[in-house]
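Please read this report alongside the sequence and the model.

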Amino acid sequence: MNRRGLILSVLAVGAAGFGGAAWYATRPQPMAEAVPVAPEVNDVLIRPYSPILGPETAPVTIVEFFDPACEACRAFYPVVKEIMAEHGDAVRVVIRYTAFHGDASVEAIRVLEAARMQDVFEPVLEAVLREQPRWASHGTPAPGLILEIAASGGLDVEAARTQMLSPGVVAVLNQDRADVEAVGVRQTPTFFVNSKPLDPFGEAELRRLVAAEVAASQS
C-alpha cells in the first residue's frame with residue numbers, strides 16, 4: 001500500500017536517476033518523543049540475513065519495511081540515501097521485504113535476493129527502483145522484464161534464475177511475511193529508528209528522529 005496521500009511533492013529526477021521527494025505537513029505541536037517498540041516486536045525487526053546498506057557497526061539503525069513495487073518506497077529511497085550521507089558512518093539501513101503488491105513484489109524480492117547472493121544488491125536495487133514504472137505496472141508487464149532491468153545493475157541473469165527459486169529465498173519470503181504480521185506493518189514504507197517507530201510519518205520526521213538518535217549515540 002502506498003502513502004500517496006502523504007506525498008505532496010516529488011521533485012525532478014536527479015543525477016542519480018531518482019526523483020527527490022519532499023513532504024510538507026503542518027503540525028500544531030512538536031513531535032512527541034518516540035518510544036521503542038515492545039521487546040517481543042524488537043526481536044523480529046532485524047534478521048541476520050536482512051540486507052544492510054551502510055556500515056554494519058553503525059550506532060543508528062533505520063529498519064525499513066520496503067516493497068520494491070511501492071511508489072512511495074521509490075520516492076523515499078533518495079531521502080534515505082541523503083540521510084545516510086549526512087550522518088556518514090553513524091547510520092545504517094536494514095531492509096525488510098513487504099510484498100504488498102502481489103506477484104510483482106514477490107518476483108522483485110526474488111531478484112533482489114539473487115543480487116544479494118551475487119554481491120550486487122545495491123546497484124540492482126537502484127536499477128529496479130529507477131525502472132519501477134516499467135516493471136511494476138498494475139497491468140501485465142512483459143515476462144522477464146525485471147531480470148533485464150536487473151542485468152543493467154550487474155546481475156548475472158542465468159545464475160539468478162536458479163537462485164531466485166532456491167529454498168533460502170523461499171525461507172526469506174516466508175520469514176519476512178511472518179515478521180510483517182508480527183510487527184503489524186500495514187503500509188510501506190514503514191520505518192523504525194533504533195527500534196523507535198516513525199510516527200507521525202514524513203520526511204521531516206524521519207530526518208529529525210535519525211538526527212536525534214545520532215546525537216544521542218555521540219553524547
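Helix α8 covers residues 167-183. Its 17 residues should span 24 Å at 1.5 Å a residue, and the end C-alpha atoms are 24 Å apart, so the two values agree. After the helix comes Gly184. The phi of Gly184 is positive, near 85°.

Asp179 sits in helix α8 and Arg47 in the loop between α1 (39-42) and β3 (52-53), so the bridge ties together parts that are 132 residues apart in sequence. Arg47 is at 23%, so it counts as partly exposed.

Asp176 pairs with Arg96. The closest N and O atoms of this salt bridge are 2.7 Å apart. Here, too, distant parts of the chain are linked: Arg96 is in strand β5 (residues 91-97), Asp176 is in helix α8, and 80 residues separate them. Arg96 is buried because its relative accessible area is 1%. Asp176 is buried as well, because its value is 2%.

Arg208 and Glu205 form a salt bridge with an N to O distance of 3.7 Å. Both residues are in helix α9. They are 3 residues apart, which means a separation of about one helical turn. Arg208 has a relative accessible area of 37% and so is partly exposed. Glu205, at 5%, therefore counts as buried.

Shared partners join Arg47, Arg96, Asp176 and Asp179 into one salt-bridge network. In total, the model has 15 salt bridges.

## Aromatic pairs

How many aromatic pairs are there? The count comes to 4. In one of them, the rings of Phe65 and Phe192 have centres 6.0 Å apart and planes at 70°, so the pair is edge-to-face. The pair links distant parts of the chain. Phe65 is in strand β4 (residues 60-66), Phe192 is in strand β6 (residues 190-193), and the two are 127 residues apart. Both Phe65 and Phe192 are buried.

Phe191 and Phe201 form another pair. Their ring centres are 6.3 Å apart and their planes are at 20°, so this pair is stacked. Phe191 belongs to strand β6 and Phe201 to the loop between β7 (196-197) and α9 (203-218), so the parts tied together are 10 residues apart in sequence. Phe191 counts as buried because its relative accessibility is 2%. Phe201 counts as buried because its relative accessibility is 15%. Ring pairs also bring in Phe76, giving a cluster of Phe76, Phe191 and Phe201.

## The whole chain

The protein has 9 helices and 7 strands. It contains 219 residues, and 49% of them are buried. Among contacts with a separation of 6 or more, 78% are between residues 24 or more positions apart.

## Confidence

The average pLDDT of the protein is 85. A score of at least 70 is reached by 81% of the residues. Over residues 2-30 the pLDDT is below 50. In the model, this stretch has 52 contacts beyond near neighbours in sequence. Where pLDDT is low, the predicted coordinates should not be read in detail.

Definitions and conventions:
Residues numbered from 1 in each chain as written. Predicted model: local features only at pLDDT ≥ 70, side-chain atom pairs only at ≥ 80, totals over all residues. Heavy atoms only, no water. pLDDT = per-residue confidence, 0-100. Contact = heavy atoms within 4.5 Å. Phe/Tyr/Trp six-rings, centres within 6.5 Å; stacked < 30°, edge-to-face > 60°. Helix = DSSP H or I, 4+ residues; strand = E, 2+ residues; numbered from the N terminus. Buried < 20%, exposed > 50% of the residue type's maximum accessible area, 1.4 Å probe, protein only. Expected span 1.5 Å × (residues − 1). Salt bridge = Lys/Arg side-chain N within 4 Å of Asp/Glu carboxyl O.
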